[in-house]
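Thanks for coming. I will walk through one model this morning, chain by chain, and stop at a few residues on the way.

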Amino acid sequence: MSHVTMRSGEIQRYSANERTHHWITAILFILLAASGLAFFHPAFWPLTALLGGGSWARILHPFLGVLMFVSFFLLALRVWGDNKIEAHDREWNKRLGDVINNRDDNLPEIGKYNMGQKQLFRVLVVSIIVLLISGVVLWRPYFAGAFPIDVVRLAALLHSLAGFVLILGIIVHIYAAIWVKGSIRAMTRGTVSHGWAQHHHPLWYRKMTGMTK
Amino acid sequence: MASMQSLDVVQRSATTTTPPSVRASGTEVAKLIDISKCIGCKACQVACMQWNDLRDDIGSSVGVYDNPADLTDQSWTVMRFAEVTAKDGPMAGELEWLIRKDGCMHCEDPGCLRACPAPGAIVKYSNGIVDFISENCIGCGYCIAGCPFNVPRISKRDNKAYKCTLCSDRVAVGQAPACVKTCPTGAIMFGAKEDMVARGEKRTADLKERGFKNAGLYNPQGVGGTHVMYVLQHADTPDLYSGLPKDPTINPMVSVWKGVAKPLLSIGLGLAALGAFFHYVTRGRKEVSDDVQRGA
């Protein structure tokens, strides 16, 4: 495993390509969530302005959706291997209450991602697959007309539920990044502190620093 | 079309406050279509085209009398011809032609309006007419999913949804819809809903006397009643009339989607964001202690 030793006290977590890839997906998500919420509840209708008004939001949303699906899945493939659930993750999960309350002493040692991140990963994969399939069924004027009306109705319901789950997941994702101090830098500059890595992801830290194989 | 009765709106799509309704008249109108009097001349289709300035593409024969074969963005009403063997009535056992003038039913509880995400793209006036205000339409097709009668059609030219307006522009100035005006047999009637119900029931009684024992007025309560009603010779089997639904309702999936899910999930997302904020305020950030930082 190649890793670059950064300025003293820093350790590389994401490469420039990984960061770019993440943020392309994130920007697409923001545009999709804004327009999707606008179609869901009138309280969010002004968000259509982000895509140039109601009709443009309707036109662009599905195309952006396909792009996000592709971008997300390529990103998911990059992190797939690091998201396998292992025994220490289950142990860590038993102490979720302590984690939430910032009582981090003697937590089981974990790798690059914790159980929360791994579960979020699964939620995102499933919800984005549901969103793509139901989204194609809803897509006017191109595809919706080819499906029986009850299938379109089911797709509308599933699309809104999956969209809700995805947005909820991303709220958790964004807050976790803010909450766990030093995390955002991993996705903006690519690095974390040694202390951060050692504290939150000790197995990954040791692997990166060559302390273990 | 554009709203012709802008201060007379009792329901407005994707709007959570009371729409402008200061001029709400309170008099509900209805069109009554007496299928037992229809001769299938299609004058109503022509009048609809003429008044609304609509010209559908010239189609091709599909082997039945229906022409055009279906509702389109340019054909807001279509006569549907069903040839059946009469199961009861004076013509029992003989060929019977059931000709239904199809189009928007102007539901009291319009599924299209409930499903529509664009504020003000669909309105219902106090007289009961459900109107598409097409300049606000975004072309998403949710109205099609919401409609229990398969009526709205999206134009390939401008991607807006269209349907019968019940000639809201004519009704606004005290005139009857164009199809009513033109019908040569008086099969299409228009007036106060109350009067049309009474007339429909009287006609139903007449038909029963003449042997149509299952005659009835089609004013389905599953959608709160409709502002276009039919007198049917065989009201027990509306399906005979080119698939007129027996008990139409807004589909439960649409009701959940644009009913309970809409506010609940929206509030859920707000609560999640709020919960995160208060977690931050009460529990604070997860910081790596100085010892670990130094030891690293």
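This is a predicted model: local features need pLDDT of at least 70, side-chain atom pairs count only at pLDDT 80 or more; totals for chains, interfaces and linings use all residues.

Chain A, then. It has nine helices and two strands. In sequence order the pattern is β-α-α-α-α-α-α-α-β-α-α. The C-alpha trace spans about 60 × 35 × 30 Å along its principal axes. Of the 213 residues in chain A, 33% are buried. If we take contacts between residues at least 6 apart in sequence, 62% of them join residues at least 24 apart.

Now helix α5 of chain A, residues 115-138. Why do its ends lie where they do? At 1.5 Å a residue, a helix of 24 residues should span 34 Å, and the end C-alpha atoms of this one are 34 Å apart, so the two agree. Its buried residues include M115(A), L124(A), I128(A), L131(A) and L138(A), and also K118(A). The cover over the buried residues of α5(A) includes α2, α3 and α6 of chain A.

On either side of that helix there is a backbone detail. In the loop between α4 and α5 of chain A we find N102(A). Its phi is near 60°, a positive value in a residue other than glycine. N102(A) counts as partly exposed because it has 14 C-beta neighbours inside 10 Å. R140(A) and P141(A) are joined by a cis peptide bond, with omega about 5°. For context, most residues other than glycine have a negative phi, and most peptide bonds are trans.

Next, where the chains meet. 37 residues of chain A are in contact with 39 residues of chain B. On the chain A side, the elements that give two or more residues are α1, α2, α6 and α8. Which of them gives the most? That is α6(A), with 13 residues. By type, this side of chain A divides into 20 nonpolar, 12 polar and five charged residues.

On to chain B. Its average pLDDT is 94, and 96% of the residues score at least 70. The domain assignment gives domain 1, residues 9-235, and domain 2, residues 253-286. Taken over C-alpha atoms, the centres of these two domains of chain B are 41 Å apart.

The helix to look at here is α6 of chain B, residues 193-209. At 1.5 Å a residue, its 17 residues should span 24 Å, and the end C-alpha atoms are 24 Å apart, which agrees. Buried in α6(B) are K193(B), M196(B), G200(B), T204(B) and L207(B). They cover an arc of only 80° around the axis, so they lie on the same side of α6(B). The general rule behind this is that an α-helix has 3.6 residues a turn, so residues three or four places apart point the same way. The buried residues of α6(B) pack against β2, β9, β10 and β11 of chain B. On the face turned away from the buried side are the exposed residues E194(B), K202(B), A205(B) and E209(B). Just after the helix, G211(B) takes a positive phi of about 105°.

C179(B) is in helix α5 of chain B. With 26 C-beta neighbours inside 10 Å, C179(B) counts as buried. Beyond four places in sequence, C179(B) touches C44(B), A47(B), C48(B), T77(B) and I188(B). T77(B) is 102 residues away from C179(B) along the chain, yet their C-alpha atoms are separated by 9.2 Å.

The other is C107(B), in the loop between β4 and α2 of chain B. C107(B) is buried too, with 29 other C-beta atoms within 10 Å. Among the residues that C107(B) touches are V130(B) and V223(B).

Chain B also has a cis peptide bond, between N67(B) and P68(B), with omega about -5°. P68(B) belongs to the loop between α1 and β3 of chain B. That is where I will stop.

Key:
Residues are numbered from 1 along each chain as its sequence is written. Chains are lettered from A and ligands numbered from 1 in the order in which they are written. Helices (H or I, at least four residues) and strands (E, at least two) are DSSP runs, numbered from the N terminus. A residue is buried if 20 or more other C-beta atoms lie within 10 Å of its own, exposed if 12 or fewer, and partly exposed in between; C-beta atoms are placed from the backbone. Two residues are in contact if their C-beta atoms, placed from the backbone, lie within 7 Å. Ala, Val, Leu, Ile, Met, Phe, Trp, Tyr, Cys and Pro count as nonpolar, Asp, Glu, Lys and Arg as charged, and the others, Gly among them, as polar. pLDDT is the predictor's confidence in each residue, from 0 to 100. Domain bounds come from an automatic or database domain assignment. The expected span of a helix is 1.5 Å times one less than its number of residues. The arc is that of the directions from the helix axis to the C-beta atoms.
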